[in-house]
Amino acid sequence: MNENQILDVIAETLEMDSIEITMDLDERIWDSLAVVVFIGSVSNAFNKILDPSELYDVKNVQQLVQLVIDS
Amino acid sequence: MYKISNVHIHSIAACVPKNTIKNIANDNNSKVIKSIGVKMRHVVNDDQSAMDLCIAAAQDIFDQTSLNAEDIGAVIFVSQTPEYQLPATACIIQSILGISNDTIAYDVNLGCSGYTHGLFLASGLIQSGVENILLLTGDTISKTIDKNDNSTSLLFGDAGCATILTRKKNSSISCVLGVDGSGFEAIIIDNKYAKRTSYKDNYLTMNGGEVFAFTLRCIPKLIKESLSFSDLEKDDISYFVFHQANLFMLKTLASSIGIDFEKFPVSIDQYGNTSSASIPLTICHKKSIIKGKVLMAGFGVGLSWSSVIADLSDTKILNIIEL
């Protein structure tokens, strides 16, 4: 699992062609549905189950990538 | 983990309200609808209840099989939308269906895992000597929904189901059950009669992320344990009939467990998440293909989970009726 693979999963979750590590995640795109879809996508891709309470507080893509790496 | 001998699932029937609601996509909800996979739902009118749907399903079994009300030795009503705060709805059902006064009747407050828990409880009564058990599982969750909450208002439908379990030699079911009450707030409706300093409202609230993470943690393990306990492989199971939580969750679970999604019958597209009724409703919806050994798994509110492996080859599965 590397950063690019995680970025691909985030882009797929947000239904975007690609995504930058510097991108902010505001509540318009990072909502409760995105959290649910991301938990499922990470489980499928990396066999990891993320803590949803941490995901709800994420503010940008960098934090999201780090959460996946640290989990 | 329990193997219960001399238990047979004799018949399964399902009833849904005639009234339907189609989920129409717009800018605000199209992602939600695509994810949960609900195209339409059947919802009750104000004058209909889970009890009504379950009674209609039970009557359908009495009309179409050799068993009648007089054969029933126990009634279990599994629901989170009972007729009254008290008495138990099962008592009212005993009277309406004309079942003997010598019958055991009680309610069980469970939702998503209610059907599989109910099969376990009914099987225990058969081991205690009762010949025929009427297991009723039904909910009208649509009445508890905040219409402004996209996470629940597009998801839930209403249904009531009836299952009769009978004593039969050389037939058995195996059950695995569990609970993690530390997650009780993940799916909840407040109760104004309980000890509260502030009563919020009467709506169902659901933390989708917590429920999903719980499901991914517990259900693949549950399926592995269920198969191992019964000395079965995945290929020995004809179909995996899971609680219809939402379509994305079902697909993710199938992938996580390593089972082709073709072996996961789906009814959520037509009926939504129908809580305790979703497993028997799905069996009736897919009656033309359901056969052989089936692994049923319920999971959710509690948080609780359970699975049952049973052979439905000789089970009378009825068409879904509308009320």
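In this predicted model, the axes of helix 1 (residues 3–13) and helix 2 (residues 32–46) of chain A come within 9 Å and cross at roughly 140°. Axes are lines fitted to C-alpha atoms, for helices over the stretch in contact, with angles from 0 to 180 degrees between N-to-C directions. Helices (H or I, at least four residues) and strands (E, at least two) are DSSP runs, numbered from the N terminus. The two helices are therefore oblique to each other (roughly parallel is under 35 degrees, roughly antiparallel over 145, roughly perpendicular 65 to 115, and oblique the rest). V9(A), E12(A) and T13(A) of helix 1 meet residues of helix 2, including V37(A), F38(A) and S41(A). Contact requires C-beta atoms, placed from the backbone, within 7 Å.

Residues are numbered from 1 along each chain as its sequence is written, and chains are lettered from A and ligands numbered from 1 in the order written. Local features need pLDDT of at least 70 and side-chain atom pairs 80 or more, whereas totals for chains, interfaces and linings use all residues.

The contact between the chains takes 15 residues from chain A and 15 residues from chain B. Helix 2 of chain A gives the most to the side of chain A that touches chain B, with nine residues.

The L86(B)–P87(B) peptide bond is cis, with omega near 5°. P87(B) is found in the loop between strand 4 (74–78) and helix 3 (89–97) of chain B. A cis bond also joins G302(B) and L303(B), with omega about -5°. Phi of E15(A) is near 55°, a positive value in a residue other than glycine. E15(A) lies in the loop between helix 1 and helix 2 of chain A.

Conventions. Two residues are in contact if their C-beta atoms, placed from the backbone, lie within 7 Å.
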